[in-house]
Amino acid sequence: MIRLPLLDPDAPASFPDPRQALTEPNGLLAFGGDLSPTRLLAAYGKGIFPWFSDGEPILWWSPDPRCVLHTQDLRINRSLRRQLAGKHWHLTLDHAFDAVVRGCAAPRRDASGTWIVPAMVDAYNRLYHLGHAHSLEIWEGTQLIGGIYGIALGQLFCGESMFSRQSGASKLALVALAKLLHGWDFPLIDTQVANAHTVSLGAVEIPRAQYLQDVATLRRRPGQPGNWAAFTDELIQPCK
């Protein structure tokens, strides 16, 4: 029987030590609480994130190992370059945050459901309007065909999800985001757990202890507060 700490509803910045998370399922730490901006920012600042399905209580995680993409180690292989060659796509920042989140929440062919439930959509939209959450959009004409969104804390970017309606669009979103963040001295993107999509672009697993050290340092560094739409022209578009 799994016994988990229940978060105190009156202490939104209080979480158990991530090192106390379960090994099976990997990283499960606590349940309950809410998705207020204060609690979410506190969680990400401690190396913790929410992940739960519709009908479940809010579950909080900190897996070991942690998957990250070091922005200086971004890998764009030959097949991706060929795939993107000749695409007439354009990229924007913070132009369609809600649409990106909803695109990530939409059902996928390889999954039976989504963890981006309506409460999560609302919560991250609140963070976006407060200048803490950001999106990168991929467009073909006026059609949104892919994107990625996440949370910025100092010089740490915590990637939450990405989606693609055309092959290669989500990879391009991650590539463009990594290049932009590298130029801003953000050394890594948290991708939470490894998958073939992110690993193909250079993501690696590191011990949770190392990740927690990185978080403690990076969250205190000056980042890029506020809306990022004005930085759209800084995006590098490798498909052109």
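Which residues do ring pairs link into a cluster? The close-up views below start with the answer; keep in mind that this is a predicted model.

**View 1. A cluster of aromatic rings.** Ring pairs join F157, W184, F186, W228 and F231 into a cluster. One of its pairs brings together W184 and F186, whose rings are tilted, with 6.2 Å from centre to centre and 55° between the planes. W184 and F186 are both buried.

View 2. The structure has ten aromatic pairs. Among them is the pair of W51 and W61, which is tilted, with centres 5.3 Å apart and planes at 55°. W51 sits in the loop between β2 (49-50) and β3 (59-61), while W61 belongs to strand β3, so this pair ties together parts that are ten residues apart in sequence. How accessible are these two residues? W51, at 37% relative accessibility, counts as partly exposed. W61, at 10% relative accessibility, counts as buried.

**View 3. An open sheet of seven strands.** If you follow this sheet across, the strands come in the order β5-β6-β7-β8-β9-β4-β10, and their pairing is mixed. Strands of a sheet pair through backbone hydrogen bonds, in either a parallel or an antiparallel way. At the edges stand β5 (90-93) and β10 (204-206); each has a single partner strand, so one side of each is left without a neighbour in the sheet. From one strand to the next, the twist averages 35°.

**View 4. The largest nonpolar core.** In soluble globular proteins, nonpolar side chains tend to be buried together. The largest nonpolar core in this model has 48 residues, and W60, Y124 and Y211 are those with the most contacts inside it. Helix α4 (residues 118-129) gives the most to this core, contributing six residues.

**View 5. The surroundings of Y124.** Which residues does Y124 touch, leaving aside its neighbours within four places in sequence? Y124 is in contact with L40, Y44, P50, F97, A133, Y149, I151 and E160.

Note on methods. Residues are numbered from 1 along each chain as its sequence is written. This is a predicted model: local features need pLDDT of at least 70, side-chain atom pairs count only at pLDDT 80 or more; totals for chains, interfaces and linings use all residues. Side-chain values use heavy atoms; hydrogens and water are left out. Rings of Phe, Tyr and Trp (its six-membered ring) pair if their centres lie within 6.5 Å; planes under 30 degrees apart count as stacked, over 60 as edge-to-face and the rest as tilted. Helices (H or I, at least four residues) and strands (E, at least two) are DSSP runs, numbered from the N terminus. Buried means under 20% relative accessible area, exposed over 50%, partly exposed in between (1.4 Å probe, protein chains only). Two strands pair if DSSP finds at least two bridges between them. Axes are lines fitted to C-alpha atoms, for helices over the stretch in contact, and angles run from 0 to 180 degrees between N-to-C directions. A nonpolar core is a set of buried Ala, Val, Leu, Ile, Met, Phe, Trp, Tyr and Cys residues joined through side-chain atoms within 4.5 Å. Contact means heavy atoms within 4.5 Å.
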